[in-house]
Amino acid sequence: MTDLRKDLLLNRWVLVAENRSERPNDYATPPATTKEGLPQDPTNCPFCPSLETQTPPAVYSACNAEGDWQVRVVPNKYPAVGTAMGGDKSGVHEVVIESPRHIQNTADLTPKELANVLEAYNARLEHWYEDGRFGYAMIFKNVHSMAGASLVHLHSQIMVLPEVPPACLQELYQLDRFRQEHDQCALCERIARERNDSVRLVLDRDGYVAICPYVSMHAYETWLLPVDHGRWFPPTANRVSTETLAGVLWEVLSRIERLLPGVGYNMIVRIAPWSAQRTDYHPRIEIYPRIDMFAGFELGTSIHINQVSPEFAAQKLRAMEPHRSCGT
Ligand SMILES: [Zn+2]
Ligand SMILES: [Zn+2]
């Protein structure tokens, strides 16, 4: 079955081509990825304790009762954006070191530890929002080298920009159009449909849903959204409840990491653009496992081929029991 699916809201066209999975390299079952292991020597890892001098000084750290840091945020030593020659900021690029342990997967954290990471996001976003010079912020995480990670040790990155990027402006424009035509938020409408239909639902609890979107660009793509509107992260007075979100996010990532052992993935946290003053923005976390290739067809047409239907992906993820974690 080949199915061309279009998402006009997000400007995505995707060919869901499950028949291609009958080729010898079968992506419809979890890929037998070679585990990268931890090739980088922990005794030489700049994100491990005792080598803190190899990173710029911390701008944030959360410590345990013994005074040892548990989460540490440092300016990126090799920033993609930064202070320009004239002294104006072209942006901010910070690294969130998520654990003092030399671990690679999010499920190796406890949900409580993941809540501490989200608390660090809160604090840094609040700081840069208050700074006043910036219009937009996003958080992303690359896990494993196949997803772009250059260091093994679990970390995420905060990117703060003076302006809202074009793709995000385009999305805001489409969301506005939808609201004018239908008098409601397009993502709220989608959540209602997915809950009703449930074939692409991965989980639904504690005010959050995780779904494999109908027009998924990548195999096992998963989105986590709050059911109710409201903004995550600063500048809202209602800071995100990190414990609740961490519990749900941990479960989603744990299911993905267990279903696709050793797979690389990108995680993107989308929050309301600051400069757009959008109280109606529907925030979300997008997770993109990287088991398929962006090849010539995609480059030539911008149409992605996804060899695992979101319906199949959601079924597999629903069936996956997250492993139990200590300390929860
Ligand atoms: Zn390390
Ligand atoms: Zn909404």
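Helix H6, which spans residues 310-319, has Pro310, Glu311, Ala313, Ala314 and Leu317 as its buried residues. Viewed down the axis of H6, these residues fall within an arc of 160°, so they line one face of the helix. The buried residues of H6 pack against strand S1 (2-7), S2, S8, S10 and helix H4 (242-259). The model described here is a predicted one.

The protein contains six helices and 13 strands, and 54% of its 328 residues count as buried. Among contacts with a separation of 6 or more, 68% are made by residues 24 or more positions apart. The accessible surface of the protein is about 15,000 Å², and carbon and sulfur atoms account for 52% of that surface.

Buried in H2 are Cys168, Glu171, Leu172, Gln174, Leu175 and Phe178. They cover an arc of only 165° around the axis, which puts them on the same side of H2. Their packing partners are strand S6 (136-143), helix H3 (186-197) and strand S12 (284-289). On the face turned away from this buried side, H2 carries the exposed residues Pro166, Gln180 and Glu181. Gln170, also in helix H2, is partly exposed, with a relative accessible area of 37%. In sequence Gln170 is 160 residues apart from Leu10, yet in space the two are 8.2 Å apart, C-alpha to C-alpha.

With 21 residues, H1 reaches 30 Å from its first C-alpha to its last, close to the 30 Å expected at 1.5 Å a residue. The buried residues of H1 are Pro111, Glu113, Leu114, Ala115, Val117, Leu118, Ala120, Tyr121, Asn122, Arg124, Leu125 and Trp128.

The model also holds a metal site. Which residues coordinate the zinc ion (ligand 1)? The donors are Cys45 and Cys48, each through SG, together with His102 and His153, each through ND1, at 2.0 to 2.3 Å. Angles among the four donor atoms run from 102 to 117°, and the site is tetrahedral. Along the sequence, the donor residues follow the spacing C-x2-C-x53-H-x50-H. His102 lies in the loop between strand S5 (92-97) and helix H1 (111-131), while His153 lies in the loop between S6 and strand S7 (155-161), so the pair ties together parts that are 51 residues apart in sequence. Both histidines are covered by the protein: His102 is buried at a relative accessible area of 14%, and His153 is buried at 0%.

Another histidine, His218, is found in the loop between strand S9 (208-211) and strand S10 (222-226). With a relative accessibility of 12%, His218 counts as buried. Leaving aside residues up to four places away in sequence, His218 touches Tyr288, Pro289, Asp292, His304 and Asn306.

Finally, several backbone positions deserve a look for their phi angles. Most residues other than glycine have a negative phi. Ser50 is not a glycine, yet its phi is positive, at about 85°. Ser50 sits in the loop between strand S2 (12-17) and strand S3 (60-63), where it is exposed, with a relative accessible area of 64%. Asp206, likewise a residue other than glycine, has a positive phi near 55°. The loop between strand S8 (201-205) and S9 holds Asp206, which counts as partly exposed at 48% relative accessibility. H2 is followed by Asp183, with a positive phi near 60°, and just after H1, Gly132 takes a positive phi of about 85°.

Note on methods
Residues are numbered from 1 along each chain as its sequence is written. Chains are lettered from A and ligands numbered from 1 in the order in which they are written. This is a predicted model: local features need pLDDT of at least 70, side-chain atom pairs count only at pLDDT 80 or more; totals for chains, interfaces and linings use all residues. Side-chain values use heavy atoms; hydrogens and water are left out. Buried means under 20% relative accessible area, exposed over 50%, partly exposed in between (1.4 Å probe, protein chains only). Helices (H or I, at least four residues) and strands (E, at least two) are DSSP runs, numbered from the N terminus. The arc is that of the directions from the helix axis to the C-beta atoms. Contact means heavy atoms within 4.5 Å. Donors are N, O and S atoms within 2.8 Å of the metal (3.2 Å for Na, K and Ca); water is not among the atoms, so sites may look incomplete. Four donors count as tetrahedral if all angles lie between 85 and 135 degrees; four count as square planar and six as octahedral if opposite donors are over 155 degrees apart and all others between 65 and 115; anything else is irregular. Accessible areas come from the Shrake-Rupley method with a 1.4 Å probe; for residues, only the protein chains shown count as cover. The expected span of a helix is 1.5 Å times one less than its number of residues.
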